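Visitor: I have not seen this structure before, and I would like to learn how each description of it is reached. Could you show it to me and then take my questions?

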Amino acid sequence: MSYILQGETCEWEVVIGLEVHCQVVSNAKLFSGASTDFGGEPNDHVDLLDAGLPGMLPVINEVCVEQAVRTGLGLKAQINNRSVFSRKNYFYADMPFGYQITQFDQPIVGEGTIVLELGEGHYREVGVERLHLETDAGKSMHDQHPTKSFIDLNRAGVALMEIVSKPDLRSPEEVGAYLRKLRSIVRYLGTCDGNMDEGSMRCDVNVSVRPVGSEELRTRCEMKNVNSVRFAMQAVEYEAQRHIEIYDEGGEIKQETRLFDSSNGTTRSMRSKEEAHDYRYFPDPDLPPLVFSDEFVEQIRATLPELPDERRERYVSDYGLSEYDAGILVAEKDNAVYFEEVAKGRDAKLAANWIISTLFGLLKKEGKSISESPISADRLGKLLDLISNDTISGRIAKDVFEMMIETGNDPETIVEEKGLKQITDTGAIEGAVDEIIAANPDKVAEVQGGKEQLIGWFVGQVMKATQGKANPGAVNGMLKKKLLG
Amino acid sequence: MSNKLNQLTISEARDGLEKGDFTSVELTESCIGAMEKARGLNAYITETPELALERAKASDERRSGDGAASGMEGIPIAVKDLFCTEGVLTTAGSHILDGYKPVYESTVSNNLRQGGAVMLGKANLDEFAMGSANITSYYGNVINPWKATDGKDLVPGGSSGGSAAAVASHTCLAATGTDTGGSIRQPASFCGIVGMKPTYGRCSRWGIVAFASSLDQAGPMTKTVRDSAIMLNSMAGHDPKDSTSSPKATPNFEAALTGDIKGLRVGIPAEYKMDGTPEEIVKLWDQGTQWLKDAGAEIVDISLPHTKYALATYYIVAPAEASANLARYDGVRYGLRVDGESLDDMYMNTRGEGFGKEVQRRILMGAYVLSAGYYDAYYKKAQQVRTLISKDFNDAYEKVDVILTPTAPSAAFAIGEKMDDPIAMYLNDVFTVPTSMAGLPGISLPAGLSSSGLPLGLQLIGRAFDEETLYRAAGVLETAANFSAVPAFVEGA
């Protein structure tokens, strides 16, 4: 699985760290009572504080603190009962205080881990350095007026969790797996909706390269505000190649912030270290240190949902699913919930197979999520029941599935109306079997001469003759008896 | 009791209003008249006579005559123009807040308003409360109602110089002030009135234009200690909108004025006997010590060893916080905007024109001490020293109940003096800054006159959230000092 890039002089490995900003799920902003709803007219969700009016003071929103702690627990991380908010000073038109309120040297959550799933049964643990709470900025709009920029402060002050990984990632695939896993965890926890296209989750990608075998950390470049998993992976690929080419030519990498251009998958310089801001961090004197008790943490821990890793393990041990199938089913909480509803009281492996190969295929084709599935868990379950109680065969079930989508009817009605009920009447099956045997004496001779695998061909012919309604097991048994004695 | 209503104290006016001797409208009209005559002092940036009369009328209508009214009901006051006041121009003495009328009322001014106080106008101040002489206001210098023997105009102190001058010239019965390093106590001393800086957290900071958040504290500026107690009761209280506001209940401060300090232990800090302090100030301090002793207090020599670092530490911490607090005045959303070629140009033009020299100096100092590579040497070190200053006081309060010091190292000086030397100006706060750094309450009251006939204040410093003891001691000191001199401006009026 290692991602090694061949340079002119040596082989290189990539060292990647991610800073992911997750918008906290909360009704109100981190320090004000204004709404966090997405959308709305510009400056609808702005209170006196968010506008940076004189004399306004921040008051911490306890819900956001709970969400940060919950996320920290989900990342199996150290929870810091005392943390400090600091001011990060810089000017920008959509940042009304002239500083961002963030956490600097004393974050609310310390070290944790994320387990990456890298294909069949292959896992890798990646370190989380920290998680801290901070405010989002507003939005500058430069396309509303020929000479002026407009400012929308709806997002200004919305709570973000910045989750910083250790420089543990080594390939674009691991970057993808990390982002998907983190998104899965925060969605399970209900602490962030994880929608990268709406900007409620975005990431800064830090990339450097080093010769294989070296332990050094070379100069890195940071790509800011990358807003999709694919783009993050592309940014790593491009940036790693760029670094290698520069080193191969005897050059040096300058530490800088770069912009990822999704239109062509490249990066370009935004500002160098010399131009970098001196943020002049210092503890925000408007906010006493954030202190909470162990009981507060334990109360949150007691309400933690089952997380994807535990759920996957349960699917393997309780349902007997493969690690791979279990991993696919648990990645999205909604999928897992759907699966469990279908699997309840039924053959879980059958349920898993149908969901992964048939339902997910359909959804992918139609670009829909499980919540938009045209087939409810209840109906899919009923379809599986029809297979299990031998009313229809698995092959017929595929047809019924298609018809369920077309007609919107439930599987029982379709089977009834279309007369798809499996023929379990041995007399009827026997008639068809006898006809096929009689019509193919040469093939009978071959079977009896030792070519037993030809029985499959006979089964197919019988199924064809019965329009698939015969029970394939019964057909198989009967053929064996008649041909081989 | 004075026959001019505007010259009354709060407690006198409270009694008169309650007895029906006069109405709040009459009282307010008297103040408005005095305010007009005192315009030469430039104590107000904005006068709000119509609003005042409206509120006075409403107060008269509310008054039931059953003695149930709040202590501030119907009392005309000035409000330092650092408090945001609903619908009324709020400038912080700065060009950069041009035309800014808040849609909200600061918690403290709202508490007073809800208590029935009548706002006469917004008092002048040093720009963003940065100054000790009220010579940095965009709206011009404030002139002290007291005159030097040579007839020169004197500074009223700062930064609450407009508030102090307004009270001393009897254009109002009292005024709000704010104190970051001495901005209530030093002008109170210069103008011969009582100025109280309560414990940090006693009054909400919500709606007060921030200078240095960890130090700023609102307080009353009044004619008497009793008035101070009455007014603080109205101003103080927990405010959920200010995370640094204390949840402690507000005691009845006036009830603390028992006049009895027998057995009270009064500390005299050796380190406040600084070289170069004028002899008359040392003499007044000794006199104050004697008065308290005569009243039954026990005098204890104490040491506050880190005092000498307080001023330097303050001039790191306060500008650092200010540099961030003033970043919001960027021309984007309200107040002054001076356009430019780019966003950065606009920032530079706006802030370059909008902020005066002293404010710019402090922003630069603040940005410097927080800069990468300097943070540890300056800001971090300053915070460590601040902890030691607090510890000095905590240790002292093992042995004493209050501490007596001078308020300022001099009487009011002439406008123009010390202006070319910021350090000399900063030294004005040498006795008041340590209290601020420790977040403790301190009160200045007029105790005597200088050789040139100008008022001199003494400062009492109390334990955190023990304003009651402070008032009790201040009341006794006030009685003993029996300060009755009247400023030239009022005499001549």
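Visitor: How many residues does the contact take from chain A and from chain B?

Guide: The contact takes 26 residues from chain A and 32 residues from chain B, where two residues are in contact if their C-beta atoms, placed from the backbone, lie within 7 Å. On the side of chain A that touches chain B there are 18 nonpolar, four polar and four charged residues; here Ala, Val, Leu, Ile, Met, Phe, Trp, Tyr, Cys and Pro count as nonpolar, Asp, Glu, Lys and Arg as charged, and the others, Gly among them, as polar. This is a predicted model, in which local features need pLDDT of at least 70 and side-chain atom pairs count only at pLDDT 80 or more, while totals for chains, interfaces and linings use all residues. Residues are numbered from 1 along each chain as its sequence is written, and chains are lettered from A and ligands numbered from 1 in the order in which they are written.

Visitor: What makes chain B as compact as a globular protein of its length?

Guide: The radius of gyration, taken over C-alpha atoms, is set against the globule rule, which is 2.2 Å times the number of residues to the power 0.38. For 493 residues the rule gives 23 Å, and chain B has 21 Å, which is close to that value, so chain B is as compact as a globular protein of that length. Its C-alpha atoms fill a box of roughly 65 × 55 × 50 Å along the principal axes.

Visitor: What radius of gyration does chain A have, and what would a compact globule of 485 residues have?

Guide: Chain A has 30 Å, whereas a compact globule of 485 residues would have a radius of gyration near 23 Å. The C-alpha atoms of chain A fill a box of roughly 95 × 55 × 55 Å, taken along the principal axes. The domain assignment, whose bounds come from an automatic or database source, gives domain 1 (4-300) and domain 2 (426-484) in chain A, and the C-alpha centres of these two domains lie 64 Å apart.

Visitor: Why is A:Lys139 called partly exposed?

Guide: A residue is buried if 20 or more other C-beta atoms lie within 10 Å of its own, exposed if 12 or fewer, and partly exposed in between, with C-beta atoms placed from the backbone. A:Lys139 has 15 other C-beta atoms within 10 Å, so A:Lys139 is partly exposed. A:Lys139 is found in strand E8 (residues 139-141) of chain A, strands (E, at least two residues) and helices (H or I, at least four) being DSSP runs numbered from the N terminus. Not counting residues up to four places away in sequence, A:Lys139 touches A:Asp94, A:Asp152 and A:Arg155.

Visitor: What makes strand E5 and strand E15 of chain A the edges of their sheet?

Guide: Three strands of chain A form an open sheet in the order E5-E4-E15, with antiparallel pairing. Strand E5 (99-103) and strand E15 (282-283) each have a single partner strand, so one side of each is left without a neighbour in the sheet. Two strands pair if DSSP finds at least two bridges between them, and strand E4 (residues 85-89) and E5 of chain A pair over five bridges, with A:Ile101 as the bridge partner of A:Arg87.

Visitor: How do you know that strand E10 of chain B is mostly covered?

Guide: Seven of the eight residues of E10 (residues 442-449) of chain B are buried. E10 of chain B pairs in the antiparallel sense with strand E5 (residues 194-197) of chain B over three bridges, and with strand E11 (residues 455-462) of chain B over seven bridges. B:Ser444 is the bridge partner of B:Gly195 and also stands opposite B:Gln459 in E11 of chain B.

Visitor: Which residues touch the most other members of the largest nonpolar core?

Guide: A nonpolar core is a set of buried Ala, Val, Leu, Ile, Met, Phe, Trp, Tyr and Cys residues joined through C-beta atoms within 7 Å. In the largest, of 151 residues, B:Ile77, B:Leu120, B:Cys172, B:Ala174 and B:Leu477 touch the most other members. Helix H9 (residues 307-325) of chain B gives the most to this core, with 10 residues. A second, separate core of 79 residues includes A:Leu18, A:Val186, A:Val209 and A:Ala235.
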